[in-house]
Every structure is written in C-alpha cells, then in structure tokens.
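I shall present one structure today, and I ask you to keep the sequence and the model in view while I speak.

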Amino acid sequence: MSPGSPRWLGPVMLLPAIVYVIGLVGVPFVLSFFYALGDVKVGSVGWHFVGLANFRSVLENPTFRHALSNSFVFTISSQILVLVGANVLALTLKDAFRGRRFLRFLILLPWVAPVSIGSIGWKWILDSLYSVINWVLVRLHLVKPLDVPMWLGQPTLAMISVILVHTWHIMPFATVILLAGWTAIPKDIPEAAAVDGAGYFRTLFQITLPMLLPIVNVALLFGIIFTFTDMTVVYILTRGGPYDTTQVLPSLAFFTGILGSDLAEGAAISLFLVPLLAAVAWLMLRTARRAEVT
Amino acid sequence: MSDGRPAGALERVLKRGILLAFSVALAFPFYWMAITSFKRTTDLYNLKNNPFLFSEPPTLEHLRLLLRETLFLRWFANTCFAGLLVAVITLALAMPAAYALARLTGRWGEQLGIAIFLTYLVPPTLLFIPLSRIVANLGLQDSIWAIVVVYPSFTIPFATWLLMGFFKAIPPELEDAAMVDGLTRFQAFVRMVVPISFSGIVTVVIFAFTLVTQEFVYALTFISSAAHQTVGVGVPIYLVRGDVYYWGSLMAACLIASLPIGILYNLFLDRFIAGFTVGSVK
Amino acid sequence: MAVVETRGLTKVFARGQVGAVLGVDLLSREGEFLVLLGPSGSGKTTLLRMIAGLEEPTSGEIRIGGAVVNALSPRERRIAMVFQSYALYPHLTVLGNIVFPLKAQGMPASEREKKAQWASGLLGIGHLLGRKPRELSGGERQRVALARAIVREPSVFLLDEPLSNLDAKLRASAREEIEQFQKKIGTTTIYVTHDQIEAMAMGDRIAVMNHGKVRQIGTPSEVYDDPADTFVATFLGSPPMNLVEIDGAVVGFRPEHLRPAGSAPSGGPSMSLRFRLGHEEYLGSERILYGTLGGGRFEGQKAVARLPSTHGRRLAPDEVAEFEISMRDLKFFDRASGTRSSPVPLS
C-alpha cells in the first residue's frame, strides 16, 4: 500500500481503462464463441445453439484447409526470411557511420507506412502488364516478353508475392529490435572470446547468438502474430485469389463473415487463430521471465 | 569485428554493400510511388518506354486529380479527426491506469500490467466479426465515430504499458515531497508527474495517431461508404473506377500517406523500441 | 612463462588523444607482478590491450618471450586476460566458461575435463561448476574469470582493473586472493589499476603512467621513496607529498616525515620549521594536520603532516609548534619540468 492515498484511488484510476478494454476486447471475444456455436447471420434476430456444426462444416471445406495451410506457410516462410535478413541488417547498422540516420529512415519505411499503402504499392510493382520487375527481367533476357511471370495471377507466384510483401513489411521492425539486442552485448564478451581463441564463427554461434536469443524470441513472436493475424496484404494484393489459392484464415473469415454475411461461420474460422495466439502468449511470458533474470 | 578489433577494409566494404542493397530493396516501392506520381499517363502505360526514365516531361496532373476530384482530402480529414480523438481518449484512460499500476498496486499490479499488455496481442481479425454487430447495435455503423470508439481498445493497452515504464522510472521522492507539502496523491500525480512525463505523452500521441492511419480491418468492416473512410482504406479500395486503378493518382496518394508518418517515426524510434523490449523484459 | 617487452610502443587515436600511448619502452621480468598505475586517460589500459592484441599499435614493437608478436592474434600470443567486468559468458555454466578456451583449442573432452578440474580446484570453485554467472557473487565471479584464464596455462596474465567492480569491503580479500594466486602459479602478470594502494600492495614493480608515458618504473619503495618527478611523487601516497616552491626549485617531503621536533623518524641532520595548525582530521590510527609553515624560505607555505595517534600531545588550533624534517627526506624537483634534481642549499 502506498501512503497518502485512499485505498480506492488505485482501482478507481484503473477502472476506466479496464472497462474499456473488457468492453471492446473481452466482450467481443466471448461473443465470437457464441456466434461460432450458433447460427447468427447479418440481419438475423435470434440465436440458436448448433453445437460444433459450424466448426465441422468449416473443417470440411477444402478452401478452409487450404487457407489454414497458407497461414502457416506464409508465416513460417516470411519469419525465416525476416530473421536472417534482420540479423544481417542489424550487424551492418550496429556501428555508427555517416548517413546512418538517413539509411535507417529508408529501412524503416516499409514498417511505418500503413501496410495497406505498401501493399497497393506492391500491387502496382507486380502488375500483370506494367510490372517494373518484369520489365527488368525482360531486359536482362531472363524471361521472354510474351511469357512474363504473372506475379499475382498464378497461384505459386501469388503465394511467393504475399510472402515477400510480408517479409518486406516486417523486416524493419525485426531489425530495430535485433539492433537493440546486438548493441546490448557488452564489448568485452567477444574480446574475451577472441582471447580465449575463438574464431569468427565460433564466437558468433557459440557466444553472441545464444546471448541474443531472448531478443530474437521477442522479435520472432511479435512477427508471428503480426503475420499470422494479418488479412490486409492478402486482401489488397490478391483478394485471396487466384481462386482462393492465397486465402489465409483472417481473410477467409472476412470474406465469409462480412462479405458473405455468415457471421457464425466467419466467427468459427477466426477462432482458429486462438490456439496459436495462446501458444505465442505463453512463449512470450516464458521468454520475458528468463530474459529479465540476465 | 566480433573480436573487438577494428574492421578491415574488406569487411567495411562488404557491410556497406549489404546495407545499400537492403536499403534499396526496402525503400524501392516508395521511390517507385514517387516516379509513378509524376509520370504522364501516356508515358506510364507505354510499354515501350523505360519505366525508370521520364520519356515525357513530368506532370502534376495526378496530384491535381487526387486532390480535386477524389475524396482523398476527405479521407485525410477523417483520419486526422479520428487520430486526434483517439489520442485524447487513450491518454485520458491510459495515464491514470499506468500511474495506478506503477505506484499504487504492488504485486497484483504487475500481473495486471502483463494481462493488459496481452490484450494488445488479441488481433482485430479475431474480434471484428462480433464487433461489427456491436457497432451496428450502437448505431455507429458507417461512421467515423465507430473508429473513434473502437480504436482505443488497442491503443490503451500499449499506451498503458509504455507509460507504466515511464512512471516507474520517475523517482517516487518527487511525489513524496509533494505530499509532505500537503498535496493528495492524485494532485501530486496531476501536478508533478504529468508535466514531467511530457515526452512519454507525446510518444503516446504519436503512437495513437500512427495506429489510426495504419489500421485497416476495422475501418474496412465498420465503414461502408467512401466519404466516411480513412486514408488507409480509401486509398487502396476507392481510387478505382470500375475495374481500372488510377495508378498515377493512387501512387501520389500513397506517397502523401507514407512520408509524414515515416519522418515522425524516425524521430521517435527509440521510445518505441523501449516500449517493445523493455516492457516485455521488465 | 615469458618476458613481455615493448619498444617505442605508440598508439594515437583519430579523435582526441585520451588514452593514447606515446612511445613506451617496457621490459618485464620473468614471473613478476608488474603493475601499470595511472589516472584515467593515462594510457595504461590501451597499453595493456595492445599487449593483448585487442588494439593495434600505431607504431612500435611488442615482444613476448623474445619473439615479436605484433602480427599475432590474442590467441596466438598465448596470453590470458581478466577483464574489468570479468566478461563471463552469461549463458554458459561456470564449467562451460572454463572449458570454452580449451574447446576453441580443439582439446579432446577427457583432457578438457582434467584441466577444468585442476583450474577450478586451484581456485576453490569446484562446487560452483554447475551454476550460471548471474547466480554468483562478485568474488566468485572473479575466481571463475581467473580459472578460465589459467586453464590454458598462458605465458602472460593480463588483468584490467578486476577489483574496481567489487564492493570496497570485498576488495581487500579479493586483492589478497589475486596476490596468492599469482605467487602460486608464478606466471608473468601485468596488472592495470588506478588505485595506488592496490599497486603498492600487489606489485613487485610499478610502472607509473601519465599522458601516455611511463614516468617511472620501479619497486614500490623506489617509486614511493625516490620519485622520478612531481607526478609520481604526488600520485603515490595519501595525502600526497607536500610540494613547496623555494625560489626556483621545488622541494617535496611526505606528510609522515614532517614531525614535531625531536621525533623525525629518519634520523641524521634535520631542518627545523615552525608549524601553525589550521585544522586536524582524526582518523583513528593517525591524525592528519593541515597547517602553515614558518621559518626561513618556508614562511607562509601550506603543508600537511601525518602523525600516528599514539604520538605525543595534540595541538590546539592556531597553535604554533616546532617541527622538523630530516634532510634526507627532502626531495628536490626542477620547477619547469618536474623531474628530480639535485639538492639545493636551503637556509
């Protein structure tokens, strides 16, 4: 207890924030379970309990299974690329040099610009007719002019494009976090390793990377959440196409629940996000506890 | 070098090279937005022209179109309006909450702080379906007010966490001295702590603002008519006639929507990092 | 076991010269405990790091065991270093820390095991092998750092202010541990510190440094009783040597040598002076007297005297008493350069 304050002051100061968050996060969260277990549609009035029928029909839908697999594939692929790229970038940014602030500004842009804006920019760059990438590829004689890659029109290429845009968007965020981690390593640890006779790679893999692990975890877990739960990139780049081949859980939920007006099924789809979020939250808490002891 | 010795020349060149390559790859789309914004349509859609060069003189036509004949300025106004209100609401609720957690609650306060932070991890793509119903029941559908009411639900958790760290770093002796002088705890909070936390407050405002501009799902779900939309949804969705994207104006809009935020973020970057890592590592 | 030698060793930095080393010639002796003593920015740490191979010299030679090592990596120089923060690998256990250099050397596991047992036994940390550094006290961490250093049986030990991160209370016992340890293993050791008490207690010889140069190198009694210049004279000893200007020359004498008449400890011919007490500090075992001198050329000069508490009666403030200094306790310095010069008649 703290002196000079009535016992109710703390809770009272907390209350508005908590009410707000419970009201607009907790209540909808619970509601989504109700929807998924019922038969609500936009404009419908009653609610009837239908048990796991929605979940069953969702799981039987091949589009859903494809979207589920896509969610994992996109997330895992982009996070691998992000981790490697961000570490390399953080290493190059670690030591000060002239113009570092400006380069940092450039590197930050994909993260700070709204993801919808960045996505529509990429849509133009990957346009079926006017793609600048294709123009360059043709000029370099890597592809024939009549046979240019349809970045957003061909299923495999479309998936690759979505993964690349996600990677592009998350990279600055991960870089910033990893940079903080790299600069937090005391200078004398790698020196001690050098005195102990460790070469570049041994120092990197046995000393510095393990020390970075808590921070890498933070970057990774946030990155997983941002990518797995994002529907914007898919919505803007491909609308889930061609023919629902690039759907992910959140975008499918949107198409089903809002555009398709089937709130119950949409809710059921989006609830599949919960196990992943719970796992990530648990991992984060464990990491935080371990990291704070260092 | 990882053994503490200064980098050799080769290593430095390698580093610069990698850095440059990454910077180009990451910033390229914005560069491309800039070029596209000022290229004439006839130049833009002429497949024979080199897209990196201006084969015809640059033009301000796309910009004119964007500002005069589309709803872009309207969206901009909506976004600023929402951003400001969301920032105010966030501050009004997060500051007392953060202070309570930092000073007034002890052990269960720590747990609660973590719990609050965890709600930040609950994504809009999970909540948007039930929220669409709630918004409709409140009569806020297709209105910017839906945004103003709903957004604080995710800005408040992060802001609380950020400010909590801030308040904890202020030595409690300050408030103790004020209370010895006769102020109540709440008065001490308002008169001493708040003014000192100015930079934390500014950070929260910037953060709230950028979140409003970046958000997509809720805006897309709750707002159905073009005139009420925010920039983040209006630009990619409504700058199209029929099936045809007006790329020139579209890219100009993207540029205008990205650069100011980019500059702001660059200035406040270190605070945000502290929010993400210090908070989770305590 | 090797002798460390530097010839004309110089390091200049691009931005500012704090910590630079300007042409140092150093020759250690086999198995000695050599202390590099100096204030911050004197270049002592830079010198140590160049010997270690962590800093590249601008010019000059470093030899270990007779061979020029400038081009060799720290590992190849067969040196071991204990850093100020100990630099223990936080994610490895104590055992992991100790065997790390052996692993880097490619030593097979059975041999590593043996060596680790030996090193941890030497330092009495066998019971800590499974712990992580964050679970250890400051003193325990120092022992782990020493174990990790010694496990490779290096030819030279380098220590960079290892006691400065410890609590004052801990410092004395940790200091003794390092001294005993070095005597036991007998490896040539170079030890950097800014603390003159540490230097005097631990060093076989002390190299006093300032502004990148070695002002004097000698045994503790040589640098204390026979300082080469005013810097060395005032850096060693607390309170520092009294320095008084007497037309054109500088005369120095240590506070413990300024005594009430009849009790100058060094014997021999002595000089009489009056001493007016300004104020006194009682430190338990001794008293520090701050006052003004009188008589002859010393009239009006401030001086500090240091008497054991057991000695005689106490002076009252403003009281004037007869004091004396043995002539042999007076050191003369050149006023312009600060270096020792020959005695000057003083009457």
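I shall speak about chain B and then about chain C.

This is a predicted model: local features need pLDDT of at least 70, side-chain atom pairs count only at pLDDT 80 or more, and totals for chains, interfaces and linings use all residues. Residues are numbered from 1 along each chain as its sequence is written, while chains are lettered from A and ligands numbered from 1 in the order in which they are written.

Let us begin with chain B. Chain B contains 14 helices and two strands; helices (H or I, at least four residues) and strands (E, at least two) are DSSP runs, numbered from the N terminus. Its radius of gyration is 24 Å, well over the 19 Å that the globule rule gives for 282 residues, so chain B is more spread out than a compact globule. That radius is taken over C-alpha atoms, and the globule rule is 2.2 Å times the number of residues to the power 0.38. The C-alpha trace of chain B spans about 75 × 65 × 35 Å along its principal axes. Of the 282 residues in chain B, 46% are buried. A residue is buried if 20 or more other C-beta atoms lie within 10 Å of its own, exposed if 12 or fewer, and partly exposed in between, with C-beta atoms placed from the backbone.

How is chain B divided into domains? Domain 1 covers 6–59 and domain 2 covers 64–276, with bounds from an automatic or database domain assignment. The centres of these two domains of chain B, taken over C-alpha atoms, are separated by 33 Å. Eight residues of domain 1 of chain B are in contact with seven residues of domain 2 of chain B, where contact means that the C-beta atoms, placed from the backbone, lie within 7 Å. On the domain 1 side, α1(B) gives the most, with five residues.

Chain B also meets chain A: 77 residues of chain B are in contact with 83 residues of chain A. Helix α14 (residues 247–281) of chain B gives the most to the chain B side, with 16 residues.

I now turn to chain C. One open sheet of four strands has the order β2-β1-β4-β5 (chain C), with antiparallel pairing; two strands pair if DSSP finds at least two bridges between them. At its edges are β2 (21–27) and β5 (67–68) of chain C, each of which pairs on one side only. Four bridges link strand β1 (residues 4–11) of chain C to β2(C) in the antiparallel sense, and C:Glu5 stands opposite C:Leu27 in β2(C).

Another open sheet holds three strands in the order β11-β12-β18 (chain C), again with antiparallel pairing. Here β11 (242–246) and β18 (331–334) of chain C stand at the edges, each with a single partner strand, so one side of each is left without a neighbour in the sheet. β11(C) is joined to strand β12 (residues 249–253) of chain C by five bridges.

Finally, where is C:His194 found? C:His194 is in the loop between β8 (188–193) and α6 (196–202) of chain C. C:His194 counts as partly exposed because it has 18 C-beta neighbours inside 10 Å. Not counting residues up to four places away in sequence, C:His194 touches C:Gly38, C:Pro39 and C:Ser40.

Terms used. Two residues are in contact if their C-beta atoms, placed from the backbone, lie within 7 Å.
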